[in-house]
Amino acid sequence: MATNSKQSVHMNPGQGETSYAQNSALQKTAQDRMKTLIEEAVTGLCTSSCPHPKNMVIADLGCSSGPNALTLVSAAVDAIHRYCAQHEQLPPEMCVLLNDLPDNDFNAVAKSLDTLKHSGDEALARPTAVITGMAPEDLKKSRIPMHDSDEQLRSSRHQIVADSYARQFRKDFMRFLSLRAQEIVPGGRMVVSLLVKRSDKPDTELIQPWTPAVTALSDMALRGVISKEKLDSFYIPLCCPMDSEVNNIIEEEGSFEVNKMMMHDPYDGTGKALLDLKMVALRVRAVFEPIIVQHFAASDEIMDDFVRAVERHLISSGALEARLSGQHPFAFLCLSLTRAM
């Protein structure tokens, strides 16, 4: 989603300390959980295809950049070669589509394309642009901020903001499914991973992945570091839906059937090692810095202040402790879908 036609949403490029490439270890844990679903999807597709396909297309609709960019397409390519070797079949010609936000760091992605070569074969990689939706227009029209500095106002508008983001997510995800249905042949497979809010762990406040960012910005506005007026017109184009809502939308849209669903705590096991205060704050900066810089014309000094404000929020709100204890409402939802016949 994008707040307006001029807004360019993307992760921090490059390889520096605040880059997405250096702060995407948490996303890597989600990718590792998806590999099993991808392998199962490949096996199911190859088994059900008669005759054996001569051509296959693999698309990653959110490849990003950095060390994770080729992880999932590589898993799919390897699974296809493994299946063909086991069944003494020639591997099909593969076309790999790498898709992400238009200003994604595709230069970094291009440098790692050699890793897609497999046994002398080369996959064709094509950077493509994504069609994005809009941040909740009804909030903008009503001039309702996504996060009020005033606690009483924020509480009174909680449901309005939550409902607006939920409606926008529903609209965007329905469109996403509809467009993918036009691209995928009947019987084709799609594996989707989303950060969701667990329906069995309801929260009384509007908790979203952007909560630490907007809370930090609110603190900065109160201290005069950034403009309060600018903050009130700032909307982060990101919504974390309920897990049950995702299933309902898939069923209602009707183009795909759910084969398998997996949900896991992003901080289970080794993920807890990623909950160092500075590491969490840098991850928030890596994700949201480009959109903050665009909207507030923020300098490096302001972004350094932002990181410190995020750290203060994580401490004062108990958010870090909640994540360590497993009491936070978020989970990674992985879905294996088949295009309906």
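User: Does L26 count as buried or exposed, and at what relative accessibility?

Analyst: A residue is called buried under 20% relative accessible area, exposed over 50%, and partly exposed in between, using a 1.4 Å probe and protein chains only. L26 has 11% relative accessibility and therefore counts as buried. Two remarks on the source are needed. This is a predicted model, in which local features need pLDDT of at least 70 and side-chain atom pairs count only at pLDDT 80 or more, while totals for chains, interfaces and linings use all residues. Residues are numbered from 1 along each chain as its sequence is written, and side-chain values use heavy atoms, with hydrogens and water left out.

User: Where is the place of L26, and how far is L26 from Y267 in space?

Analyst: Helices (H or I, at least four residues) and strands (E, at least two) are DSSP runs, numbered from the N terminus. L26 has its place in helix α1, which covers residues 25–48. From C-alpha to C-alpha, L26 and Y267 are 8.0 Å apart, although 241 residues separate them in sequence.

User: How many helices and strands does the protein chain have, and what percentage of its residues count as buried?

Analyst: The protein chain has twelve helices and six strands. Of its 341 residues, 49% count as buried. Contact means heavy atoms within 4.5 Å. When contacts between residues at least 6 apart in sequence are considered, 82% join residues at least 24 apart.

User: How is the span of a helix read, and what does α6 reach from its first C-alpha to its last?

Analyst: The expected span is 1.5 Å times one less than the number of residues. Helix α6 (residues 158–183) has 26 residues and reaches 38 Å, close to the 38 Å expected. Its buried residues include H158, Y165, F169 and R180.

User: What does α10 span between its end C-alpha atoms, and where does α10 bend?

Analyst: Helix α10 spans only 25 Å, whereas a straight helix of 20 residues would span 28 Å. A bend is the angle between axes fitted to the seven residues ending at a residue and the seven starting there. In α10 the bend is about 55° at F288, and a proline, P290, follows within four residues.

User: Which residue caps the N-terminal end of α10, and which residue just after α10 takes a positive phi?

Analyst: A polar contact is a pair of N or O atoms within 3.5 Å; within protein, one must be able to donate a hydrogen and the other to accept it, and residues adjacent in sequence count only if both atoms are side-chain atoms. D276 caps the N-terminal end of α10, with a side-chain oxygen 3.1 Å from the backbone nitrogen of K278. Just after α10, A297 takes a positive phi of about 55°. A297 is in the loop between α10 and α11, and at 65% relative accessibility A297 counts as exposed.

User: Why is α10 described as largely enclosed by the rest of the structure?

Analyst: The description is used because 14 of the 20 residues of α10 are buried. Leaving aside neighbours within four places in sequence, R285 is in contact with residues including N12, T18, D300 and F306.

User: How many salt bridges does the count come to, and which residue forms one with E39?

Analyst: A salt bridge is a side-chain nitrogen of Lys or Arg within 4 Å of a carboxyl oxygen of Asp or Glu. By this rule the count comes to 15. E39 forms a salt bridge with R82, the closest N and O atoms being 3.5 Å apart. This pair links distant parts of the chain, with E39 in helix α1 and R82 in helix α2 (residues 71–86), 43 residues apart.

User: What is the N to O distance between R223 and D305?

Analyst: The side chains of R223 and D305 meet in a salt bridge at 2.7 Å. R223 lies in the loop between α7 (211–222) and α8 (228–232) and D305 in helix α11 (residues 300–316), so the pair ties together parts 82 residues apart in sequence. R223 counts as partly exposed at 40% relative accessibility, whereas D305 counts as buried at 13%. Salt bridges that share partners join D219, R223, D305 and R312 into one network.
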